[in-house]
Amino acid sequence: MLTLYDHPLSGNCHKVRLFLSILGLSYKSVFIDVPAGANHESAFVAMNPLRQIPVLSDGDYTVQDSQAILVYLARRYLPEWAGSDAFESGTIMQWLSFAANEIGNSLQPARVFYLLGEEVDIELAQRKGLRALSLLDAHLGRQQWLACGRPTIADIACFPYVALSREGHLPLDEFGNVLTWIASITRLPGYIDMPGLPPPAGTT
Ligand SMILES: N[C@@H](CCC(=O)N[C@@H](CS)C(=O)NCC(=O)O)C(=O)O
């Protein structure tokens, strides 16, 4: 039985929800009210000392961090999404790091600044966000998917906060290749949205 410690507005949790849906796996979602401080309760801290969601349990195994969870799920249930050889896995890992660092330190905090009023250096977050979007747009001008010429967990890891970047007051209008990539993701079998993300292609 899979259990996801989850919040419906979390983009990091959405990476996991989206991939679980693509995999066609059912799971139990346990609501962790992060804005109310539920991530600091002792039972949760015992599971993740970093006090962050998402956390995934699969039977006796527990793993935290959205990128790590994607690697675990792919390796266990659909290995080619984590790369078919060392070269592919290395390329995919580059984008998982990009999701955690370049995106996680820019588009994610810019969004929580406007959504939750969290203390953030908003000018710095937006400047770094524009840089991340420019890098992505240039890369996606050369290829349809981030890695390996096909959809992989690299795309899933980068997708939510990029597609939600308007909520951090960073519109995507000047990033045409990013918009095309977002549209491709909404056409993936199993694609699901969350508030602020586009609906599955063909459903509007
Ligand atoms: N690197 C982590 C970041 C997780 C993260 O930032 N989670 C947020 C919610 S989206 C959280 O739990 N924040 C509470 C806190 O840091 O106190 C991941 O990719 O899962």
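**Exercises on a predicted model**

**Exercise 1.** Why does the radius of gyration of the protein agree with that of a compact globule?

Solution. The chain has 204 residues, so a compact globule of that length would have a radius of gyration near 17 Å. The protein has 16 Å, which agrees. The structure is a predicted model. Along the principal axes, its C-alpha atoms fill a box of roughly 45 × 40 × 35 Å. Buried residues account for 37% of the 204.

**Exercise 2.** State in what order the elements of the protein run.

Solution. Count the elements: there are eight helices and four strands. Then read from the N terminus, which gives β-α-β-α-β-β-α-α-α-α-α-α. For contacts between residues at least 6 apart in sequence, 65% join residues at least 24 apart.

**Exercise 3.** Compare the span of helix H1 with the expected value, then determine what covers the helix.

Solution. Step one: H1 covers residues 11-23, and its first and last C-alpha atoms are 18 Å apart, close to the 18 Å expected at 1.5 Å a residue. Step two: a residue is buried if 20 or more other C-beta atoms lie within 10 Å of its own. Eleven of the 13 residues in H1 are buried, among them His14, Arg17 and Phe19. Step three: their cover includes strands S1 (2-6) and S3 (55-58) as well as helices H3 (66-77), H5 (107-116) and H7 (153-163). After H1 comes Gly24, with a positive phi near 70 degrees.

**Exercise 4.** Describe the residues around the ligand.

Solution. Of the 13 residues there, Ser10, Asn12, Gln52, Asp65 and Ser66 come nearest. Sorted by class, the shell has seven polar, four nonpolar and two charged residues. Asn12 also belongs to the buried residues of H1.

Conventions: Residues are numbered from 1 along each chain as its sequence is written. This is a predicted model: local features need pLDDT of at least 70, side-chain atom pairs count only at pLDDT 80 or more; totals for chains, interfaces and linings use all residues. Helices (H or I, at least four residues) and strands (E, at least two) are DSSP runs, numbered from the N terminus. The radius of gyration is taken over C-alpha atoms; the globule rule is 2.2 Å times the number of residues to the power 0.38. A residue is buried if 20 or more other C-beta atoms lie within 10 Å of its own, exposed if 12 or fewer, and partly exposed in between; C-beta atoms are placed from the backbone. Two residues are in contact if their C-beta atoms, placed from the backbone, lie within 7 Å. A residue is near a molecule or strand if its C-beta atom, placed from the backbone, lies within 6 Å of it. Ala, Val, Leu, Ile, Met, Phe, Trp, Tyr, Cys and Pro count as nonpolar, Asp, Glu, Lys and Arg as charged, and the others, Gly among them, as polar. The expected span of a helix is 1.5 Å times one less than its number of residues.
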